[in-house]
Amino acid sequence: MDDFDFYVSPSERFGYETQFTKYGKDADEVMLSQLEPLYQMSRLHQDEFMQIWSLCEIRGTGTLNKEQFIIFSHILNSRRRGRALPFSLPLAIKEAFLKEESRKSHVYVRPSATKNDADTDDLSESALARLRDEVTTVSDKIRTADSDLRASESQVADLKVAREELQELRDYKRRHLDTISTDIAQIERVRSSTSALGSAGDEALEAERLLGELKGYQAAVEVKIREMQRLMRETEEELEKERS
């Protein structure tokens, strides 16, 4: 029993139509001699290649039109994948070959059990609907990819702004730390001057009082230094995370 699958998917049909245009050089028919490159690529025995040609060339013109070439290519590729050659073509396909050709391209689908024209038309509509669904799916994926790309670009821009802000904060904290260091140096100079006053009379008492105030100020400055160091560590950690 011949159970060859003659169904041609929309994507396969598109590829066969492209080959027909290539070998036929934009003509409505293609001759056997024009398919020499296709025969060489098929790596089939010449007898098998000619058997496929004979199955499809049923009009006696020595040429194949587009619809014939599509079925010819489908059988050829099926044979290359190891499928046995069909004994004959279904009646619906033969009738389609023999009908007067029009410029409109019809998608061939697997004939129904009755092989009448009405069922064939219904199946053609079904194949066309599947093709529309495939186009819709691809379009949705493209729109989703565009949306993801725009979101990624926005995130990159936000990261650049955040990095600039962190860098500005880091510079500010460094300047503030330099100011504190200057204040500490000033305290040390005052302490040195106070120590030189000696311990005699009122001058000694005033020096002790001033020294106590300076020690309190120094303690406050040291607290600020520890806080600034903590902030600097946090800033470094944030920048490191942003780089990774």
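This is a predicted model: local features need pLDDT of at least 70, side-chain atom pairs count only at pLDDT 80 or more; totals for chains, interfaces and linings use all residues.

Me: Switching to rings. How many aromatic pairs are there in the whole structure?

Reply: A search turns up 6 aromatic pairs. One of them is F49 with F72: the ring centres are 5.5 Å apart and the planes are at 90°, so this pair is edge-to-face.

Me: And where do F49 and F72 lie?

Reply: F49 is in helix α3 (residues 46–56) and F72 is in helix α4 (residues 66–80), so the pair ties together parts 23 residues apart in sequence. Both F49 and F72 are buried.

Me: What about W53 and F72, how are their rings arranged?

Reply: Their centres are 6.1 Å apart with the planes at 80°, so W53 and F72 are edge-to-face. W53 is in helix α3 and F72 in helix α4, 19 residues apart, and the pair links distant parts of the chain.

Me: Are W53 and F72 buried or exposed?

Reply: Both W53 and F72 are buried.

Me: Which residues do the ring pairs link into a cluster?

Reply: The cluster consists of F20, Y39, F49, W53, F69 and F72.

Me: Last topic, confidence. What pLDDT does the chain average?

Reply: The average is 77, and 68% of the residues score at least 70. Residues 102–109 have a pLDDT below 50; beyond near neighbours in sequence, that stretch has 19 contacts in the model.

Key:
Residues are numbered from 1 along each chain as its sequence is written. Side-chain values use heavy atoms; hydrogens and water are left out. pLDDT is the predictor's confidence in each residue, from 0 to 100. Contact means heavy atoms within 4.5 Å. Rings of Phe, Tyr and Trp (its six-membered ring) pair if their centres lie within 6.5 Å; planes under 30 degrees apart count as stacked, over 60 as edge-to-face and the rest as tilted. Helices (H or I, at least four residues) and strands (E, at least two) are DSSP runs, numbered from the N terminus. Buried means under 20% relative accessible area, exposed over 50%, partly exposed in between (1.4 Å probe, protein chains only).
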